[in-house]
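Please look over the sequence and the model below before reading on.

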Amino acid sequence: MATADLQGRSEFGDVGEVWRRMRRQFSRVAGVLGNHDQFGDSARPSHRPEGFLDGAILEMNGLRVGGVSGIVGDSGRANRRSPDEFAEPLITVLVLQPDILLLHAAPETDEGAPGDASIADWIRSTDFAGLIVCGHVHWDERVQRCGRATVLNVDGTVVTLVPAS
């Protein structure tokens, strides 16, 4: 069920309008769903917009962007997967070595910032060395390391990359 006014944290609802507005401003949009997000009836692939990433890679002006939606958790709840269910699309993307990996869930970092330890283990096991953009938990220091990867935590913000002309 979509929430009419998504002003607070931890509310659940349709993020399709935000996606459509971004698409009107930018030629390409890529992103993942958080654990409180949906696209209309997100069980129907026709409601998932271009650029939605979940176990896939998209090339955008020569930049390879991969992504995995949701978080590790009780698979009976929205946008949550068991550790094994989450590992499958994550490892698929990591092995392809995108330049940027979009995650909603943050990995636990080498510096001890909170996050999911299993995601951190999978990142380290594939020797991924790109940029990870994530959120879900707050870090005082937004840039951390996880193995060879640089992790940018954008909890509560949006990242916009515009190619140089």
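Predicted model: local features only at pLDDT ≥ 70, side-chain atom pairs only at ≥ 80, totals over all residues.

Residues are numbered from 1 along each chain as its sequence is written, and side-chain values use heavy atoms, with hydrogens and water left out.

Start with the charged side chains. A salt bridge here is a side-chain nitrogen of Lys or Arg within 4 Å of a carboxyl oxygen of Asp or Glu, and a search of the whole structure finds seven of them. One of the pairs is Asp 54 and Arg 81, with their closest N and O atoms 2.4 Å apart. This pair links distant parts of the chain, 27 residues apart: Asp 54 is in the loop between strands E2 (37–38) and E3 (56–60), and Arg 81 is in strand E6 (residues 80–81). Helices (H or I, at least four residues) and strands (E, at least two) are DSSP runs, numbered from the N terminus.

Asp 110 and Arg 124 form another salt bridge, and here the closest N and O atoms are 2.6 Å apart. Asp 110 lies in the loop between strand E7 (100–105) and H3, and Arg 124 lies in helix H3, 14 residues away. Asp 110 is partly exposed at 42% relative accessibility, and Arg 124 is partly exposed at 32%.

Is Trp 122 buried or exposed? Its relative accessibility is 15%, so Trp 122 counts as buried, since buried means under 20% relative accessible area, exposed over 50% and partly exposed in between (1.4 Å probe, protein chains only). Leaving aside residues up to four places away in sequence, Trp 122 touches Pro 83, Phe 86, Ala 87, Leu 90, Ile 91 and Leu 94, where contact means heavy atoms within 4.5 Å.

Two loop residues remain. Asp 127, in the loop between helix H3 (117–125) and strand E8 (131–135), has a positive phi of about 60 degrees although it is not a glycine. His 136, in the loop between E8 and strand E9 (143–146), is not a glycine either and has a positive phi of about 75 degrees. Asp 127 is partly exposed at 40% relative accessible area, and His 136 is partly exposed at 32%.
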